Amino acid sequence: LIDRPLRPLIAEGWRHETQLLSWVLSYDGVRTCDPLAITASATALWLSDVPLIKPVAASMVGYIDGQLVLNPTLEQMKHSRLNLTVAGTKDAVLMIEGAADFLPEDLMIEAVTFGHNAIKTQCEALEELGKVAGKEKKYDTIKPPIEGLQEMVDEKYTAQLDEIYNSDLSKEDLSSATSQFSETVVTEMEEIFPEEKASIKGAMKDLMCRRMFVKAKNEGTRIDGRKLDEVRVIEAEAGFLPRVHGSALFTRGQTQVVATATLGDSGMRQKMDRIDGMVQKRFYLQYTFPPSCVGETGRVGAPGRREVGHGNLAERALIPALPTEDEFPYTIRVESLVTESNGSSSMASVCGGCLALMDAGVPISSPIAGIAMGMLLGDKGAVSDE
């Protein structure tokens, strides 16, 4: 929650190790600390010499009795159909995180706007605080762009790159062709700009991103030939593990998960000691992302920050479809093992987890699927809510 809205706004080229520690020193137990932690962390960066480009703030939005509520209390959240955290600058939204109980799209957009209005007020106050208490930003250690490098890369290699992007190659062949082309560019350009390998790679990456954008805008396709709203080939199989309560194999392109669902009694609930007290979860999803799924080796141990976060995303997506405890008095555990990843494995976990639940006989209210999306921008510096 804290890292995602802040990292993109630190000036490009900042190479100093930067650590943010957000401590809860006193807690009244009335509201969650999440949006306050984001705003406090952003404020610390804004007042420091770290080159954060703009102030960042956050807010939380609930939907209770047909009304959007700003920063609701924990007691109010028990009756809310929406749990939404929004972070951004006064100009635009940077991050949204949350879950909803089958709310319509127009209401979700209204909720994001509602939360952003509160963010604007906070950011304006942070701007004033920065004028009084802020340090001068440290730009002297950021290496300036090499004069003429980007222009030369654009001039020499745009046509060749477009030829690769417009070729009818498979995903694997396209990846191989672009890698070989990038190596050639680096080798040739190092003769003109010696000892500037990192800068040359950066210039090449910038060119590749811009040509992807041009192709998407002009032709409505990605570099692998798919349309902008086209999903990769999906294959799914349920019940393929004979000795578990429920199982599913879900494959989307080069991303695959093995999901299992296990039912237990009330004593099998997951117990968690949180800042607001002990909670017992009747449903929980555990997400495992071994290094082998991306062709790497590495240590396998307790779940890391990424695995916990991705598991939480998938878990929150499935909760609204679950039966009540009176309808289905079991503890439900879903485990998602990522066996290969080249796309959103958390959203594949939503799809695989839903299939595993149905295979286990859990009477969900409706099927749930997950998908990730992005936005290609021609000018990242000119982004706003409009």
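## Close-ups of a predicted model: rings and cores

**View 1. Tyr-287 is tucked away in this predicted model.** With a relative accessibility of 4%, Tyr-287 falls under the 20% limit, so it counts as buried. Phe-289 comes in at 18%, which also makes it buried.

**View 2. Tyr-287 and Phe-289 make a stacked pair.** Three aromatic pairs turn up in the model. In this one, the ring centres sit 6.3 Å apart and the planes meet at 15°; that angle is under 30 degrees, so we call the pair stacked.

**View 3. Phe-328 and Tyr-330 form a tilted aromatic pair.** Their centres are 4.8 Å apart, with 50° between the planes. Phe-328 is buried at 9% relative accessible area, whereas Tyr-330, at 39%, is partly exposed.

**View 4. Here is the largest nonpolar core, with 29 residues.** Phe-283, Leu-318, Leu-357 and Val-362 are the members that touch the most others. Several elements give two or more residues to this core, including strand 10 (283–288), helix 8 (305–318) and strand 11 (331–340). Helix 9 hands over the largest share, seven residues. Apart from this core lies another one of 17 residues, among them Leu-161, Tyr-165, Phe-181 and Met-204. In soluble globular proteins, nonpolar side chains tend to be buried together.

**View 5. Now zoom in on Phe-283 and its contacts.** Skipping neighbours within four places in sequence, Phe-283 is in contact with residues including Leu-318, Ile-319, Leu-322 and Leu-357. Glu-315, Ile-332 and Val-334 are on its contact list too.

Methods: Residues numbered from 1 in each chain as written. Predicted model: local features only at pLDDT ≥ 70, side-chain atom pairs only at ≥ 80, totals over all residues. Heavy atoms only, no water. Core = buried A, V, L, I, M, F, W, Y, C linked by side-chain atoms within 4.5 Å. Buried < 20%, exposed > 50% of the residue type's maximum accessible area, 1.4 Å probe, protein only. Helix = DSSP H or I, 4+ residues; strand = E, 2+ residues; numbered from the N terminus. Contact = heavy atoms within 4.5 Å. Phe/Tyr/Trp six-rings, centres within 6.5 Å; stacked < 30°, edge-to-face > 60°.
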